[in-house]
Amino acid sequence: MSSPTVADAPQKGFFGHPRGLSTLFFTEMWERFSYYGMRAILAYYLYAAVADGGLGIPESTALSVVGIYGASVYMTGVVGGWLADRVMGAQAAVFYGGVVIMFGHICLALPGGVPTVVLGLVLLVIGTGLLKPNVSGLVGGLYSDDDTRRDAGFSIYYMGINLGGLLAPLVAGTLGERVGWHWGFGAAAVGMAIGLVQYSMGRKNLGSAGAKPVNPLPAEHKGRVLGRVVGIAALFVVVLGGLSVSGALGLDGLVNVVSIISAVLPVVYFAVMLSSKQITSVERDRLVAYIPLFLATALFFLLFEQQPNTLANLAEADTVLQVFGFEVPASWFQSINSATIIILAPVMAALWLKLGDRQPSTPQKFVGGVFFVGVAFLWVVLSKVVVGGDKHLPLMLALVFVIMTVGELLLSPVGLSASTKLAPKVFASQTMGLYFLAPAMGQGLGAQVVKLYSVDNQQVYFAIVGLATIGCAVLLLVFAKGIKRKMHGVL
């Protein structure tokens, strides 16, 4: 994107917000439809018996693979942000990322076994890395730094994400579980195609935001630098993929490698940005303040992104699915989070506007997000106690997703907004990529944590993780004022 400030005159054409927000709202809605539709059935497809059309991978390994896939998707956001900042601009990155995502889902829709699944997931990782950080960065680029509509705009944008997330399990999940796994993946491909058409038609509403790279490579160096980047990326994918497919590394080894990378990469990236001579002392202080917020986000997503693995497994294996005589597809539980956001996001957006300067600070909102996701895990324990060891009642499990959503609304859209406000100008899109390393770290480490989970020990697992998370929320609250000082006026 060009900068975190808008280059054009303020607009009020979309619910009092810039018209470009409409374009990005629907683009992300369809991209998330494709992502959440695929994610709703991925674990089931991986560990379903071959006779049932699945791949027959051991359940524990399949749940970890879902976690490292999510981590990989977010880690490539760093590269996507760099390409936008230095080569193509955010607008082009979003378009080409969507094209690659669509082809990834098409690969999953083909009944080619492990090879097409691996190729599809690799394409999804690459495409999402291009699209995800840059479409969010473009939202920030529609507002000036002091525009009080900013947090509300991100909340509305976040509602678009979750409209896609609501529809996806209902459509792709139902097709996958009831008709065939590849039908569900095919629906995800169609969703991304619709998103691309909509984005192309509405792109003019974005104006100059993200039209050009903010810190372009010198023309004489572009070919050499791009060649190195592409070469290194291709070598990494080929070597890692080859070791996995050949059995030399194995799926468990792949999980471990990605987990390590997800933990190390943010440390390296923070060090590079903090040591840059292109940022001011105020910007450096803001980056320091961003570190505890980043860690809080990682912890939040370590729990929150267990929806498609441990909680999906609970829904399928240990929950009563008969509701008024109808057997609910287990994947439908993954629509609850999005449905709750659609209901509550406008309320939260209106609340922040109403409070204005009196609203809680960004660090305090993060405290609330971490606290509620910890409470959600403790609710799983309560749910099991209520039924006395029998299967979870559908309403009780549904409330786990609702409680998580309260935490998400406090942390996630505010985190996106804070990233654009705290970003050094020369690292605008790359800071959005850095933000997405937080869920990458959370899911990468979560891929190790979920190895401790089983249906039989679920109460101990959810109790320990939930209590530890609430303890971290208290610790963040203690340091909230100090963090706020380092933010130098950013709300």
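Visitor: Let us start inside. Is Ser417 buried or exposed?

Guide: This is a predicted model, and Ser417 sits in helix 14, which covers residues 394-422. Its relative accessibility is 0%, and the limit for buried is under 20%. Ser417 therefore counts as buried.

Visitor: How many helices and strands does the protein chain have, and how does its radius of gyration stand against the globule rule?

Guide: The chain holds 18 helices and two strands. For 491 residues the globule rule gives 23 Å, and the chain is close to that, so it is as compact as a globular protein of that length. The radius of gyration itself is 21 Å.

Visitor: Among contacts between residues at least 6 apart in sequence, what share joins residues at least 24 apart?

Guide: The C-alpha atoms fill a box of roughly 55 × 50 × 40 Å along the principal axes, and 56% of the 491 residues are buried. Of the contacts between residues at least 6 apart in sequence, the share joining residues at least 24 apart is 82%.

Visitor: How far apart are the centres of the positive and negative side chains?

Guide: The accessible surface is about 18,700 Å², and 72% of it belongs to carbon and sulfur atoms. For charges, there are 30 positive and 23 negative side chains. The centres of these two sets are separated by 12 Å.

Visitor: What length does helix 9 reach from its first C-alpha to its last?

Guide: Helix 9 runs over residues 250-274 and has 25 residues. At 1.5 Å a residue, 36 Å is expected. The helix is close to this, reaching 36 Å.

Visitor: Met273 is in helix 9. Which residues does it touch, not counting those up to four places away in sequence?

Guide: Met273 is one of the buried residues of helix 9, with a relative accessible area of 1%. Its C-alpha is 8.8 Å from that of Pro424, 151 residues away in sequence. The residues touched are Ile279, Leu287, Pro424, Phe427, Thr431 and Leu434.

Visitor: Where does Gln91 lie, and which residues does it touch beyond four places in sequence?

Guide: Gln91 lies in helix 4, residues 90-109. Its relative accessible area is 5%, so it is buried. Not counting residues up to four places away, Gln91 touches Leu138, Tyr199, Arg203, Leu206, Gly207, Ser208, Ala209, Gly210 and Ala211.

Visitor: What is the phi of Phe324?

Guide: Most residues other than glycine have a negative phi. Phe324 lies in the loop between strand 1 (322-323) and strand 2 (326-327), and is exposed at a relative accessible area of 89%. Although not a glycine, Phe324 has a positive phi of about 55 degrees.

How values were computed. Residues numbered from 1 in each chain as written. Predicted model: local features only at pLDDT ≥ 70, side-chain atom pairs only at ≥ 80, totals over all residues. Heavy atoms only, no water. Buried < 20%, exposed > 50% of the residue type's maximum accessible area, 1.4 Å probe, protein only. Contact = heavy atoms within 4.5 Å. Rg over C-alpha atoms; globule rule 2.2 N^0.38 Å. Areas by Shrake-Rupley, 256 points an atom, 1.4 Å probe, with all protein chains shown as cover. Lys, Arg positive; Asp, Glu negative; His and termini not counted. Charge placed at Lys NZ, Arg CZ, Asp CG, Glu CD. Expected span 1.5 Å × (residues − 1).
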